[in-house]
Amino acid sequence: MALNLDGRVVRDRFKGELIERVKKLGGQPVLAVIQVGSLAASSLFVSQKVKFGEAIGGKVNLINLSAQVTFAELQNQILKLNQDSSVRGIIVQLPLPPHLDVFDVIETIDPKKDVDGLTAINLKKLWTNLPAGRQVRGDAIIPATACGVLSILDFYKIPIEGKRAVVVGRSNLVGGPIALTLLGRGATITICHRKTLNLAEVTKGAEILVSAAGHPGLITKNHVSPGQTVIDVGLTPGLDGALFGDVAHAEVAKIVGAITPVPGGVGPMTVCSLFLNLL
Ligand code: ADP
C-alpha cells in the first residue's frame, strides 16, 4: 500500500511557525476574501480559509457579492482593498460566474497583495526565475496551489531534481504554475491536457505524477506504475457536498509508492500556503 501523503500533517508543521510570525508582526494580518455568488463548494473553501486564518491569529474579512455583480463593481471593490493599508492580502474565490473574465478580475489585484500568486507579474517572476534553477526571487509570490504541492513533496522528502514529472492539466491558474515550479526545482516536465494522445502511456512514465484536471476518476490503475508519487490536485464538488479528486484513489494506492488523499491532501496545504504568502 502506498505511503499516505497527508496534507494536514504538513499544514500543522507550518502552523506553529505561522503563529510565531503573526506574533512578531505585532498586529493582526488581514486577508480579504471576495466571494461572488454562493456556490456551496466556494463557501466551503472560503470557510476553510477563515478557520485557518483565525487559528494562526490572523483576520479574514469575507466580502460576499451577488452572483450578478458587474465587472465594474467587483473591480471597484478590489481597488478599494488595494488602497486599504490595513489589508495585507486579497483573494477572489474562484470560479467566478461566466459573465466575469477571471483574468481581468485577477489583474485588478495589487501584485503585492496577490497571495494566490496569480497576477501576470507574479507568474512572470516564476518564469524569470527558472533558468539557473535559482530560488524564486524574494518578492515573487508563488501560486498557492503550486506552493502546496512543493511543500508536500519536500515534507515527505520526495526528490524533485532530475525526476520525470508529468502534470495533467495546463490551466494558467493551476496546472501551468505547478509544472513551472517543478521545472524550477529541476524536474523534467511533461504537461498533458485534453488533446494528449495515449494519456496513460505518458502518465505511467512519470516519477512524480500531478493531476490537476478537475475530472474525477481520470487517473485509474491503468495510468500509474509502481514506485510513483501521485499528487491529486483535483477538487470537484459532488451534489452532496463531497469533494472528488482526479485519482481513483483505492485502486491507484495499491500500485504506486506514495499518494495524496482527497480530501486531506493538497487542499489543506494550499490554504496554509496562502497564509505563508500573506506573511
Ligand atoms: P483549473 O483552473 O482548475 O486547472 P481548467 O478547467 O481550467 O481547471 O483546466 C483543466 C485542465 O485539465 C485543462 O488543461 C484540460 O485540458 C485538462 N483536462 C481536463 N480533462 C482532461 C482529460 N480527460 N484528459 C486530459 N486532460 C484533461
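Which handedness, left-handed or right-handed, does the crossing of H6 and H10 have? Before the answer, a word on the model and its labels is needed. This is a predicted model, in which local features need pLDDT of at least 70 and side-chain atom pairs count only at pLDDT 80 or more, while totals for chains, interfaces and linings use all residues. Residues are numbered from 1 along each chain as its sequence is written, and side-chain values use heavy atoms, with hydrogens and water left out. Helices (H or I, at least four residues) and strands (E, at least two) are DSSP runs, numbered from the N terminus.

The crossing of H6 and H10 is right-handed, a term that applies if the near helix is turned clockwise from the far one by less than a right angle, anticlockwise being left-handed. Helix H6 covers residues 144-155 and helix H10 residues 266-278, and the two pack at an angle of about 115 degrees with their axes 8 Å apart. Here axes are lines fitted to C-alpha atoms, for helices over the stretch in contact, and angles run from 0 to 180 degrees between N-to-C directions. H6 and H10 are therefore roughly perpendicular to each other, given that angles under 35 degrees count as roughly parallel, over 145 as roughly antiparallel, 65 to 115 as roughly perpendicular and the rest as oblique. Contact means heavy atoms within 4.5 Å, and the residues that make it include Ala-144, Cys-147 and Ile-152 of H6 together with Val-266, Met-269 and Leu-274 of H10. By class, this contact of H6 with H10 has seven nonpolar, six polar and no charged residues, where Ala, Val, Leu, Ile, Met, Phe, Trp, Tyr, Cys and Pro count as nonpolar, Asp, Glu, Lys and Arg as charged, and the others, Gly among them, as polar.

H6 also meets helix H7 (residues 175-184), and the axes of these two come within 8 Å and cross at roughly 45 degrees, which makes H6 oblique to H7. Thr-145, Ala-146, Val-149, Leu-150 and Leu-153 in H6 meet Pro-177, Ile-178, Thr-181 and Leu-182 in H7.

From the helices we turn to the sheets. An open sheet of six strands has the order E1-E11-E8-E7-E5-E6, with parallel pairing; two strands pair if DSSP finds at least two bridges between them. At its edges stand strand E1 (3-4) and E6, each of which pairs on one side only. E5 and strand E6 (residues 188-192) pair in the parallel sense over five bridges, and Val-168 stands opposite Cys-192 in E6. Four of the five residues of E5 are buried, that is, under 20% relative accessible area, with exposed meaning over 50% and partly exposed in between (1.4 Å probe, protein chains only). Val-167 lies in this strand, E5 (residues 164-168), and is buried, with a relative accessible area of 0%. Leaving aside residues up to four places away in sequence, Val-167 touches several others, among them Ile-178, Leu-182 and Val-210.

A second open sheet, of three strands, has the order E3-E2-E4, again with parallel pairing. Strand E3 (59-65) and strand E4 (89-92) stand at the edges, each with a single partner strand, so one side of each is left without a neighbour in the sheet. Four bridges join strand E2 (residues 30-36) to E4, and the bridge partner of Val-33 in E4 is Ile-91. H10 packs on this sheet, touching E2, E3 and E4, and its direction makes about 130 degrees with that of E2.
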